Amino acid sequence: MNLGSEDAKPDVAEAMAGLRSRFIDSLVDRILHMEDLTSELRRTGDYTTALYGISASAHRIAGVAGTLGFGALGSNARKLEEAITDGLAQYEPRETFLRTRTQLEALLDSLEAVLETAP
Amino acid sequence: MKILAVDDEPLFLDVLMQLMRSCNYHDVHRAGSAREAMEIIESQVQPFDCFLLDVQMEGMDGIQLCRRIRALPEHRLTPIVMITAMTEKAYVDDAFLAGANDYVTKPLDRTEVKVRMSMVKSILSERNHVKLLAKQIARSEESHSAARTFDEPLILEDAESLTPFTTLENYLLKLGNMRLFTSMAVGFHIENGGDIYDKSSGLEFMDIMTDAASAIADSIKAENYLLSYAGSGDFVAIIPRLSSFSATVAQEQIEAGLEEFRAIYMEDGQALPRIRVGRPATTGLLAFGDPTRMIQDAISRGRQGIPNTLHSSERLGVLGA
């Protein structure tokens, strides 16, 4: 987030650092949630429910990540969300899943990259 | 300022609230869903002054929530700012049509948030001005001239089809040139607005402008449009360019609509508003100037009315800028 010079105040910077830490702490659960959705999909064949779940998860990551300064992660999450939305408008759910797997992998990689570089 | 922020991502709400605090907005409440938001809104003794709504939420989304809030009498004029990703601009039209005043994009940028909140303050100031005016009118029907000048934009509380003028400007500024190209602006000018203002009390003037707004709204044959009062007897509508709007037909319908009020106006000793409809103002696809110029063009054209010498196809069709 562009905090501007006024936000150099220690209390604001400290609060934002705390939120960044909480976001990083939440990433494991977010990764597991998306992996659960894909496992469930393979088990039940319910592509629609899984895609909506993954898209919602990506949407939430996109909203927070960019604002907290994780630009690349936010961008990958947004790309996946868009790809799913566009895909479902044009293709069957299964076809959409196959077409968006690359973006899903890219997002999972980004999530893991943030975790690996976290202090 | 008492604010309600609504988002279904708890961490985003934390970030938003921290950001608002850093901008000196400390009375910020939160809701994790549209349903929870409605419960909180309805339980308040002191209503909220502003709403920040995420567009995309599970269950009832932000646009539906915006519509529900607008349906509450105490929040007909409360500023609503939508929070959306850049890629969700397709939702922006729906948000404005549901009654939103503005939107801010994710990722959040503190400078942008500050600018948007300045707009909120200006709407609140306008709304408070109207309330003050109403109180003054209640005390003395003569007081309006000192409270407000003829050339100021006006929020007409009883005109349901009207949106604040600042919202209309925001809408055009956000559309972008490509989508601006798909809209046109039409000016409606009350020829005898100055006379009506001089000869009527504040309450009477607002009632007459509300009647005029209603007649104008009825003449716009488009599903999606925004209409505002810009002051000085000028109304401006933003209408989809592909709609079947005709200035000539609108002019006739407005006259017929107002004619129904003639007897009442005569009884009250008031002049019926005479409204001119301007030719639609549009912008070129590659025009990169100030989008709000289209509004000024529409106002100028409204003041001119439809020239009698205009070719019939021009009178009926959409014209270039």
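**A walk through chain B**

B:Leu97 lies in helix 4 (residues 90–97) of chain B; helices (H or I, at least four residues) and strands (E, at least two) are DSSP runs, numbered from the N terminus. This is a predicted model, in which local features need pLDDT of at least 70, side-chain atom pairs count only at pLDDT 80 or more, and totals for chains, interfaces and linings use all residues. Residues are numbered from 1 along each chain as its sequence is written, while chains are lettered from A and ligands numbered from 1 in the order in which they are written.

With 17 other C-beta atoms within 10 Å, B:Leu97 is partly exposed. A residue is buried if 20 or more other C-beta atoms lie within 10 Å of its own, exposed if 12 or fewer, and partly exposed in between, with C-beta atoms placed from the backbone. B:Leu97 and B:Thr163 are separated by 66 residues in sequence, yet their C-alpha atoms are 9.5 Å apart.

Two packed helices are described by the angle between their axes and the distance between the axes. For helix 2 (residues 34–43) and helix 3 (residues 62–70) of chain B, the angle is about 20 degrees and the axes are 10 Å apart. Axes are lines fitted to C-alpha atoms, for helices over the stretch in contact, and angles run from 0 to 180 degrees between N-to-C directions. Helix 2 and helix 3 of chain B are therefore roughly parallel, a term for angles under 35 degrees. The contact (C-beta atoms, placed from the backbone, within 7 Å) is made by B:Ala34, B:Ala37, B:Met38 and B:Ile41 of helix 2 and B:Gln64, B:Leu65, B:Arg68 and B:Ile69 of helix 3.

Next come the backbone exceptions. Most residues other than glycine have a negative phi, and most peptide bonds are trans. B:Asn24, in the loop between helix 1 and strand 2 (28–31) of chain B, has a positive phi near 70 degrees. B:Asn24 counts as exposed because it has 10 C-beta neighbours inside 10 Å. B:Ser232 also has a positive phi, about 55 degrees, and is found in the loop between strand 7 (226–231) and strand 8 (234–240) of chain B. With 17 C-beta neighbours inside 10 Å, B:Ser232 is partly exposed. The peptide bond from B:Lys106 to B:Pro107 is cis, with omega near -5 degrees; B:Pro107 sits in the loop between strand 5 (102–106) and helix 5 of chain B.

Methods. Angles under 35 degrees count as roughly parallel, over 145 as roughly antiparallel, 65 to 115 as roughly perpendicular and the rest as oblique. Two residues are in contact if their C-beta atoms, placed from the backbone, lie within 7 Å.
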